[in-house]
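Morning, everyone. I have one structure to walk through today. Let me put it on the screen.

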Protein chains: 2
Amino acid sequence: MTKLNEYPRPSVTVDIVIFTIAEDDLKVLLVRRGVEPFKGRWALPGGFVEIKESLEQAAARELKEEVGVTNVYLEQLYTFGDPKRDPRGRVISVAYFALIDAERQRIVAASDAADAEWHSVFNPKLGAKLAFDHKEILDYAVWRLRNKIEWTTVGYELLSKKFTLSELQRVYEIILQRPVDKRNFRKKILAQGQIREINETRSDVAHRPARLYSFREK
Amino acid sequence: MTKLNEYPRPSVTVDIVIFTIAEDDLKVLLVRRGVEPFKGRWALPGGFVEIKESLEQAAARELKEEVGVTNVYLEQLYTFGDPKRDPRGRVISVAYFALIDAERQRIVAASDAADAEWHSVFNPKLGAKLAFDHKEILDYAVWRLRNKIEWTTVGYELLSKKFTLSELQRVYEIILQRPVDKRNFRKKILAQGQIREINETRSDVAHRPARLYSFREK
DNA sequence: CCAAAAGTGTTATGCTTACACCCATGC
DNA sequence: GCATGGGTGTAAGCATAACACTTTTGG
């Protein structure tokens, strides 16, 4: 067999764009860098891929280590490999995106990871605060999420197990950043056949209580 | 600055799914492996990413070295990183797909690269002949190409600069593996506004000569 | 009874699909 | 004049978009 060690090898990392919905906004989890390069700037959580784990396992491990959550929606985004993207040397980053639902979000808050914080994705000043090429990665992730919720049912991953149709609609409006027609939305979602009505309502509100639904299989 | 060399590093390669249309069929370029592992099996062209080049540059370089073509349509597909995908050790492969038009196809033929050959993508026995996880990569590339031609104008990349609408339609039929309605196809393509009629016809045929079109900007 | 969000149908519009015949050329 | 692929329009069905009022609850 030919040898593999004739070539200098790059470092390979995974970086994860972790989205959640909070405070009526789309948020991304960022960690403040304590060391150079980009000390003090915000970065996507991530780390080196270990030699015996798959890329997806590496991303799942980082999710567990950095924010304490397991079993979340995780999807490979794109691989960023510009030779100058990390001033320390050649680092290729396989970017993933993850969706954290409302229940797991409490776990993230509780884990109180060092300098991790949720940031609004739509804050126009955020780009300037990011390290490396993480602005580019984040922009790509937002673009992908927007496309994805239009064609798939990935939006459910951002809510609790039980949710109302208005809550789901709000998720779409936040991500797409435009109003959505209530009747057409309900028709479309129900026609997809992916959610079922459960026999409960969200009570204790000062108006007509909403029916709860749940995603088939979660 | 923190050091990068605390972690063992994987090897990183690019593998390229190079498509073309020939003999009324969708073909992929494969090279026969002369060494272990998978000696004698067919593999996607590819090679190691050099330390100072980007991933896209690595893919473009491989295209030039292995098949002699430059300036072709090239798009990152997905990154395959299962730790067992290469028996020699940890090799992460960033897969690309490339589209070779009818003109460049002659260059590929002329380059006569060692053991490179065009194989029909739809040959059901092809999977068994492929090395590594290249069947999986190929399947994913075909899936992506199919989606892509439905939503974008990427199909033009597989034809000569000048082409007839029937030729373009045939490209769609071959890729999608189903018949396409002639009138609806022409309406859809013309409505996209991406091709213009040039004042020529394909003559010397034993029937009414077809008008030639060209893609805007190529 | 007032405030607040939940819930519900119909119509118009545009897009997609199905479909068949005449045209221009070479031989 | 015949064989061959080139070229063209219309109608039906379907999906999407626009739009406003009644219902149920808590206070």
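Start with A:Arg106. Is A:Arg106 buried or exposed? A:Arg106 is exposed, because its relative accessible area is 57%, and the cut-off for exposed is over 50%. A:Arg106 sits in helix 2 of chain A, residues 102-111. Now look along the chain to A:Arg146, 40 residues apart from A:Arg106. Between the C-alpha atoms of A:Arg106 and A:Arg146 there are 24 Å. One caution before going on: this is a predicted model.

Next, the contact between the two protein chains. Chain A puts 34 residues into the contact, and chain B puts in 34 residues. About 3200 Å² is buried between chain A and chain B. Carbon and sulfur atoms make up 67% of that buried area. How many salt bridges are there between chain A and chain B? The count is 0. Polar contacts are another matter. There, 10 residue pairs are found across the interface of chain A and chain B, both partners at pLDDT 80 or more.

Which elements of chain A give two or more residues to the side that touches chain B? They are strand 1 (11-22), strand 5 (73-80) and strand 6 (91-99). Strand 5 of chain A has the largest share of that side, with 4 residues. Sort the side of chain A that touches chain B by class, and you get 19 nonpolar, 7 polar and 8 charged residues.

Now the DNA. Around DNA strand C there are 20 residues. The closest are A:Ser166, A:Lys182, A:Arg186, A:Arg211 and B:Val205. Of the atoms of DNA strand C that come within 4 Å of the protein, 41% belong to sugar and phosphate.

A:Ser166 has a polar side-chain atom 2.9 Å from a phosphate oxygen of DNA strand C. For A:Arg183, an N or O atom of the side chain is 3.4 Å from a base nitrogen of DNA strand C. For A:Lys187, a polar side-chain atom lies 3.0 Å from a base oxygen of DNA strand C.

Which elements give two or more residues to the surface near DNA strand C? From chain A, they are helix 6 (182-192) and strand 10 (210-215). From chain B, it is helix 6 (182-191). Helix 6 of chain A supplies the largest share of that surface, 4 residues. By class, the surface near DNA strand C holds 6 nonpolar, 4 polar and 10 charged residues.

That's the tour. Over to you for discussion.

How values were computed:
Residues are numbered from 1 along each chain as its sequence is written. Chains are lettered from A and ligands numbered from 1 in the order in which they are written. This is a predicted model: local features need pLDDT of at least 70, side-chain atom pairs count only at pLDDT 80 or more; totals for chains, interfaces and linings use all residues. Side-chain values use heavy atoms; hydrogens and water are left out. Contact means heavy atoms within 4.5 Å. Buried area is the accessible area (1.4 Å probe) that two parts lose on being put together, summed over both. A salt bridge is a side-chain nitrogen of Lys or Arg within 4 Å of a carboxyl oxygen of Asp or Glu. A polar contact is a pair of N or O atoms within 3.5 Å; within protein, one must be able to donate a hydrogen and the other to accept it, and residues adjacent in sequence count only if both atoms are side-chain atoms. Ala, Val, Leu, Ile, Met, Phe, Trp, Tyr, Cys and Pro count as nonpolar, Asp, Glu, Lys and Arg as charged, and the others, Gly among them, as polar. A residue is near a molecule or strand if one of its heavy atoms lies within 4 Å of it. Buried means under 20% relative accessible area, exposed over 50%, partly exposed in between (1.4 Å probe, protein chains only).
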